[in-house]
Amino acid sequence: MNKPADGITTATAQPKLRSRAGGAAIPLDETDKRLMNLLQSSYPLEPRPFDEVAARAELEPDEVKARTQRLLDERIIREITPIFDTRALGYSSMLVAAKVDTDNPHRAAQIINSHPGVSHNYLRTHEFNLWFTIATPPDSELGLEGTLEVLQRLTGAESIRQLPTLQLFKINMNLEMEGGTEELAAAVEAAPPRELEPQPYDDTDIAVIRALQGPMEITDRPYDAAADEVGMPTEVFLDHLRGMVERKILRRVAAILFHRRAGFSANGMGVWRVPDGEILETGARMAAVRGVSHCYQRPTYADWPYSVFTMAHGRSKEECDAILDGIAEEHDLHGEDRAVLYSSTEFKKVRLHYFTDDYARWEAEHS
């Protein structure tokens, strides 16, 4: 696999950045926004979760279900789904930056998207122009390294940079629907970093994951169907899910939004050159910013000195800039100590499905 060359130049043609203030945003009333905040952060592990959401939103359950279904139908909410921890399940995963043909990046993106473990794939404003996340299962014959070698060969990528997570400070894709720029730039209490080591699980866990993963129906009792599939009473099934949360296999169940249609037309990947001895403290403080959804320590290279990555989401490029500029001011990171990469095209964004045959089929076809 090619190693990144020293001395990246900045003369490469860059994709045009879409800086529309509203993008494809759909008008939402204050009740929609309040409901979407609740569905992102606190969808309950209860037999009748919409009853609890309705109580918190001070609405009737039927209105909550009707509004939620409308938000799904209008493609503002992407899906309500469990969010499992990839690494806790023993999957190998990382962020990857690829340098592909600038004249036809769509071809490379289509090849990369064919892998079932690719959950996100974006064109970004940098010489390394294609950025994607990929995961391979514990029983993968190719493994992560072998899979990336295949993808580099198939795409003709000039170079691929591996950027695995060295330290996870935050992962919480929970867009603030009600507050403005000040709320997004404000500090909130940050949870301590999660463990990244595989956790023990058994055949029952696998059956539960297979039954529940994917979009959930908007019904009075949305957990019943998955519980029936694994032959458990719903209360026992929910107790098992709560145990999976305690064991760090399941992060939460939540609504995932279409960012642009929810009003968040820009996302900027802020990267920071932080001295080694300050990474843990600085990363934790960056993670506490409300508008930062993801914060990681990643490896550096001769041509890539940035050790801390933060993802900022805003209703406009200007709002993202405000979030990241606030971080720069707080930590005195300016000039060559920082960079911002904006996405210009979203090629793929899905929730991973685990313990399926898709991975083995892809490897058999391409290896």
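Two strands are taken to pair if DSSP finds at least two bridges between them. Helices (H or I, at least four residues) and strands (E, at least two) are DSSP runs, numbered from the N terminus. This is a predicted model, in which local features need pLDDT of at least 70 and side-chain atom pairs count only at pLDDT 80 or more, while totals for chains, interfaces and linings use all residues. Residues are numbered from 1 along each chain as its sequence is written, and side-chain values use heavy atoms, with hydrogens and water left out.

**Strand β9 and its partners**

- Strand β9 (residues 292–297) pairs with strand β10 (residues 308–314) in the antiparallel sense, over 5 bridges.
- In this pairing, Tyr 296 stands opposite Phe 309 of β10.
- Strand β6 (residues 167–171) also runs antiparallel to β9, and 4 bridges join the two.
- Here Gln 167 is placed opposite Gln 297 of β9.
- Buried denotes under 20% relative accessible area, exposed over 50%, and partly exposed in between (1.4 Å probe, protein chains only).
- Because 6 of the 6 residues of β9 are buried, this strand is largely enclosed by the rest of the structure.

**Aromatic pairs**

- Rings of Phe, Tyr and Trp (its six-membered ring) pair if their centres lie within 6.5 Å; planes under 30 degrees apart count as stacked, over 60 as edge-to-face and the rest as tilted.
- By this rule the count comes to 10 aromatic pairs.
- Phe 84 and Tyr 354 form an edge-to-face pair, with 6.3 Å from centre to centre and 85 degrees between the planes.
- Phe 84 belongs to strand β1 (residues 77–84) and Tyr 354 to the loop between β11 (338–349) and α12 (358–366), so this pair ties together parts that are 270 residues apart in sequence.
- Both Phe 84 and Tyr 354 are buried.
- The pair of Tyr 91 and Tyr 359 is edge-to-face because the ring centres are 5.9 Å apart and the planes stand at 70 degrees.
- Tyr 91 lies in the loop between β1 and β2 (92–99) and Tyr 359 in helix α12, so the pair ties together parts that are 268 residues apart in sequence.
- Tyr 91 counts as buried at 4% relative accessibility, and Tyr 359 is buried at 3%.
- Ring pairs link Phe 84, Tyr 91, Tyr 201, Tyr 354, Phe 355 and Tyr 359 into a cluster.

**Charges over rings**

- A charge sits over a ring if NZ of Lys or CZ of Arg is within 6 Å of the ring centre and within 35 degrees of the ring normal.
- Arg 298 lies over the face of Phe 309, at 5.4 Å from the ring centre.
- Arg 75 lies over the face of Phe 258, at 4.5 Å from the ring centre.
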